[in-house]
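The sequence and the structure come next.

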Amino acid sequence: SRAEDWWRDAVIYQVYPRSFADGDGDGTGDLAGVRANLPYLAELGVDAVWFTPWYLSPLADGGYDVADYRTIHPAFGTIGEAEKLISEAAEFGIKVIVDIVPNHVSHQHAWFRAALSAGPGSPERALFHFRPGRGAHGELPPNDWPSQFSGGTWTRVPDGEWYLHLFAPEQPDLNWAHPEVRREHEDVLRFWFERGVAGVRIDSAALLAKAPELPDFTEGVDPHPYIDQDELHGIYRSWRAIADEYDAVFVGEVWLPDAERFARYLRPDELHTAFNFHFLSCPWDADRLRRTIDDTLAEHAPVNAPATWVLCNHDVTRTVTRYGRADTGFDFATKAFGIPSDLALGTRRARAAALLTLALPGSVYLYQGEELGLPEADIPRDRIQDPMHFRSGGTDPGRDGCRVPLPWVADAPHFGFGSRGEPWLPGPADWAFYAVDRQSAAPDSMLTLYRTALRLRRSGAGFGDGPMTWLPSRDGVLSFARGQGLRCVVNLSGRTVELPAYEELILTSGPLDEQGGLPNDTAVWLRT
Ligand code: TEU
């Protein structure tokens, strides 16, 4: 592959700026905190950093409610500081990816405020989906669309009209049939490409276009009125032309169960890559993992797009907690309080999963704290901030448990996060064990495992993009070969298994037994 195709086998680290590091001590993570820790990211060995939204926002949905794309949230920093960060990161060989949320804006965005005051029938309202209600007095929502969060998708304004929001009411959906919406987003892309970003993550990428009449949704409706509309491809083709001018890449949050429909976005004139959510939601089971890996590679091969491997992000239960549960798969619908998890078991599996994902062909996304093996945190109910919690009527804990401040220093207030007072979201009091300084010094820590694995991967050892071949193995064991005699073996069989003959033992996720056998829930990298 061409040298500039860095993204085909990149390891990309997701920063949730609010919780990464608090540089100015005000309780909220910020760009100063990221800049101060660029050496940490460089030592970890990542190729790029993806920042979840860092723009001006009332933070009704953690910044996925953008009030102005050309302003950094003042709690995080300034545009000047973002520019500095981008160039300082480049000095460490780290690229920057920003997050664009084209489906909706904040209700505080200038466009929506203007639409509210301009009233029904105005050109300002045409940028959104405003409609009269149904029922004798317009008291019923204009259609029956289900929300991506719990609760309805329509909110009524004082003059009687309703507006559409697939997510929270603070996130009005834009009307992508409007040329001004397209023009503005093309400008926003250029704004960030001009500032040196190497790529853009596209939020909710398959949701922006809506069937023009906003027809009712009924179970099994085909085509779906707002997922995966054909118009999207024209939008992304015009975006791609802009990205190509700057050699920038896209990663789409394209959550589609159908492999063929998914692959239609991954084209030389559309998106370079998209997140692989099948892998993220796959249970810890050898057959299921193998099938998911095969399906993923099969759907990417015809379009020559690299696969992406994701175990975790800011929306889902932390990996070690999920893998320590009886049900290790991830289902958006079954989040609840108090699901028991065996963290020792989950950690063992997460370590094995790290070696598995980093050995697969394609790019890998790491979510901040994954390299520390952080579990999902319990947030006291009165401190929960995620709208998903409130919109579920309080039954769903929401996503804050994976968004707490990172622990940096074991023996410092708030584990060295940097806040002088209380951080915006409380972290567990017993996380000294997970702190970066403790883990840096410990040869058997999760951080050391990630640092070692990423260094090996970067050294051109033979992992990254390129073919993989499954090797014969016992039931419950995943064994595959990569270039240069590399082999990855993952044992999920429930008992210790013998390793195949090898020349060099490169890395193990846990100690082998006395006879050199591979214990259950561990993985190795070998050279044969
Ligand atoms: O998520 C889109 C999406 O489909 C998720 O809402 C998912 O269904 C949900 O988070 C279940 O956990 C993106 C962002 O990643 C998410 O943080 C935002 O809340 C959402 O868009 C709205 O912008």
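Into which domains is the chain divided? In this predicted model, there is a domain 1, a domain 2 and a domain 3, with the bounds given below.

| Domain | Residues |
|---|---|
| domain 1 | 6-101 + 276-452 |
| domain 2 | 110-164 |
| domain 3 | 467-527 |

**Contact of domain 1 with domain 3**

Between the C-alpha centres of domain 1 and domain 3 the distance is 27 Å. Domain 1 gives 17 residues to the contact, and domain 3 gives 16 residues. On the side of domain 1 that touches domain 3, at least two residues each come from helix H10 (286-300), helix H12 (343-359) and helix H15 (446-458). H12 supplies the largest share of that side, eight residues.

**Helix H15**

H15 consists of 13 residues and spans 18 Å from first to last C-alpha, close to the expected 18 Å at 1.5 Å a residue. Its buried residues are Met 446, Leu 447, Leu 449, Tyr 450, Ala 453, Leu 454 and Arg 457. Because these residues cover an arc of only 160° around the axis, they lie on the same side of H15. An α-helix has 3.6 residues a turn, so residues three or four places apart point the same way.

What do the buried residues of H15 pack against? Their partners are strand S1 (11-15), helix H3 (38-44), H12, helix H14 (436-441) and strand S17 (504-508). Just after H15, Gly 460 has a positive phi of about 75°.

Technical notes:
Residues are numbered from 1 along each chain as its sequence is written. This is a predicted model: local features need pLDDT of at least 70, side-chain atom pairs count only at pLDDT 80 or more; totals for chains, interfaces and linings use all residues. Domain bounds come from an automatic or database domain assignment. Two residues are in contact if their C-beta atoms, placed from the backbone, lie within 7 Å. Helices (H or I, at least four residues) and strands (E, at least two) are DSSP runs, numbered from the N terminus. The expected span of a helix is 1.5 Å times one less than its number of residues. A residue is buried if 20 or more other C-beta atoms lie within 10 Å of its own, exposed if 12 or fewer, and partly exposed in between; C-beta atoms are placed from the backbone. The arc is that of the directions from the helix axis to the C-beta atoms.
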